[in-house]
Amino acid sequence: MKFIISLNILFITICTWANQPLLQNNYLRNGQSLNGRWHYIVDVYESGYFNYRMEPHDGTENPGSSAFFLNKKPKNKTDRIEYDFDAAPTMNVPGDWNSQKEKLFYYEGTVWYKKSFNVENYDASKRYYVHFGAVNYRADVYLNGKKLGAHVGGFTPFNFEMTHLLQEKDNFLIVKVDNKRATDEVPTLSTDWWNYGGITRDVTIYGLEATFIEDYKIQLTKNKNDEVSGYIQLNGVDKGAQNVNITIPELKINKSFLTDKNGFVSVRFPVKRVTYWSDTNPKLYEVTIAIAKDKVTDKIGFRTIETKGKEILLNGKKIFLKGISIHEENVMRGGRAWSMEDAKVLLGWAKELGCNYVRLAHYPHNENMIRLADQMGILVWEEIPVYWTIQWTNAETYQKAETQLTELIQRDKNRASSIIWSMANETPTSKERLTFLTKLATKARALDDTRLISAALEDHGKKEDQNIMIVEDEFAEVVDVLSFNQYYGWYGGEIDNIKNIRWEIDIDKPVIISEFGAGALQGYHADNMTRWSEEFQELLYEETLPTLAKIPGISGITPWTLVDFRSPRRTLLPYQDGWNRKGLISETGNKKKAFYTLKEFYKNIE
Ligand code: GCU
């Protein structure tokens, strides 16, 4: 009998963990923030998770169990408990541990976090969720000593229902965070960015009605600028045959729909006299979705994005994407960016450059970035960290990539500013990699047929003439926009030969140069043939920009990159010292000469 019961528990547990649909509108709901100081214990040997035989603690109260997630306290002065969160130090959440604690600057491993809390306005009739903006890289989440679930992937949101374990007072939420890299993960072992570990984005509790609005998509129908379509998904016992009301007051829309037995309903309705969202007029409409006991109001921009031959059309008009690449780092404060203030710094600099477009490299950034881009009229390339040498033949690795892609699209599918889903960056061509990426692209199009698919590919010189650059990559047939990184003059090729370079692109698609650039130590001045000087970086921009402008179908560029960023690969003293110096701005916020070269180019571009 015991065996059967344990199988049931296992099944319920897996279902509970696995089927945790993402709350679409957490951002605009009134939640209880758990941001602030959390106790933490660094657990290099994961002794809080495994016993001395490396078997997972079973979480029961047996005396030998030192499972940290139990948050046990000695019952008397003789008891042996070899951990105590309340005696442990604290750190800020959100925030990576590397930039907060000097001893953890290079740390890759497990850190346990604990937060005690009472529920504000506790209501026993509500359903309670805990939502994480992201945890890098793996999170095992426990409430009051019991497992809520686990999540893998360092840059996408997730949430768990905790109604069954929550009490009004004296709760403790414990998270085991492990940021160890591994060959079968996404990203894999090698990246050119810092492996910031921790609870790196907001943690929030939501008390929701027994039946609530879990998800929705409200966008212009693909290639139609006079029709909105999408869906509403409810969650809860009464989700079936529920009346759902959608209002967009400024468009005089007030529509009702009835959900099916699964709480789902497709929506489609005409819209007239729409002010389309654009980079020059980022119009957002208040969209309210209401059911009997729940209501959410989002701000949604309506626009079309499509390609036509070698052009990208925004609302049917050709657009040139004046962009810049950005890593998710607030170098002024140090560490992972996560707040609206951080987003304002980064996108403010992009705007100062004259950008109408950014490439959020190489992973999904925090939700503040995409929501601020909606407000500022900045178009966005979003990407999952299928970066360099991923394990193409590993089915679990593919599933991790697809899950991160799904979570990204799930989160941002209503954001007008998001126009491109990028499947990968600089991945070596092979049959297996083509299969892997094509499957991802198919999944992305199934989830969202309104946005463009791309990936940062690579170019190289023709055998017979190294001054002619080509892109030989079968994935170019799959994408909507042909994008590639090109570093002529920095990684190979002579800077004074850039003017003689040209590209042979024999594909009828728009072209985006997803990266080019050079490293410079801000404040280091020399002649323009001296590598690492600001003058060398400036010359590379002066030579490269007019050359790129000649590429047939050039529709955008995102030079690499906005700001210097930390990377363990960049050790050269005195120039790098652990920083990738291809930023146009230094880690102290000082602009380099090439910043003004790019700014001038964008100002003068047609
Ligand atoms: C690559 C890669 C970036 C990297 C950059 C560089 O193209 O995409 O992640 O930082 O080049 O070498 O600086």
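The axes of helix H4 (residues 395–412) and helix H5 (residues 431–447) come within 10 Å and cross at roughly 30°. The model is predicted: local features need pLDDT of at least 70, side-chain atom pairs count only at pLDDT 80 or more, and totals for chains, interfaces and linings use all residues. Residues are numbered from 1 along each chain as its sequence is written, and side-chain values use heavy atoms, with hydrogens and water left out.

**Helix pairs**

- Two packed helices are described by the angle between their axes and the distance between the axes.
- Axes here are lines fitted to C-alpha atoms, for helices over the stretch in contact, with angles from 0 to 180 degrees between N-to-C directions.
- Helices (H or I, at least four residues) and strands (E, at least two) are DSSP runs, numbered from the N terminus.
- H4 and H5 are therefore roughly parallel; angles under 35 degrees count as roughly parallel, over 145 as roughly antiparallel, 65 to 115 as roughly perpendicular and the rest as oblique.
- The H4–H5 crossing is right-handed, a label used when the near helix is turned clockwise from the far one by less than a right angle, with anticlockwise giving left-handed.
- Helix H6 (residues 534–548) and helix H7 (residues 593–604) have axes that come within 8 Å and cross at roughly 20°.
- That makes H6 and H7 roughly parallel.
- H6 also passes H7 in a right-handed crossing.
- For helix H2 (residues 340–353) and helix H3 (residues 367–376), the axes come within 9 Å and the crossing angle is roughly 50°.
- H2 and H3 are therefore oblique to each other, and their crossing is right-handed.

**Ligand site**

- The ligand has 14 residues around it, and Asp 192, His 362, Glu 426, Tyr 491 and Lys 582 come nearest; a residue is near if one of its heavy atoms lies within 4 Å.
- By class, this shell has five nonpolar, four polar and five charged residues.
- Ala, Val, Leu, Ile, Met, Phe, Trp, Tyr, Cys and Pro count as nonpolar, Asp, Glu, Lys and Arg as charged, and the others, Gly among them, as polar.
- A ligand oxygen lies 2.7 Å from a side-chain N or O atom of Glu 515.
- For Asn 580, the distance from a ligand oxygen to a side-chain N or O atom is 2.8 Å.
- Lys 582 has a side-chain N or O atom 2.7 Å from an oxygen of the ligand.
- The protein covers 97% of the 320 Å² of accessible area that the ligand has on its own (Shrake-Rupley method, 1.4 Å probe).

**Backbone geometry**

- The peptide bond from Ala 361 to His 362 is cis, with omega near -25°.
- His 362 sits in the loop between strand S22 (357–360) and H3.
- A cis peptide bond also runs from Val 186 to Pro 187, with omega near 10°.
- Pro 187 is in the loop between strand S9 (171–178) and strand S10 (203–208).
- Lys 252, a residue other than glycine, has a positive phi near 55°.
- Lys 252 lies in the loop joining strand S13 (243–248) and strand S14 (253–258).

Note on methods. A polar contact is a pair of N or O atoms within 3.5 Å; within protein, one must be able to donate a hydrogen and the other to accept it, and residues adjacent in sequence count only if both atoms are side-chain atoms.
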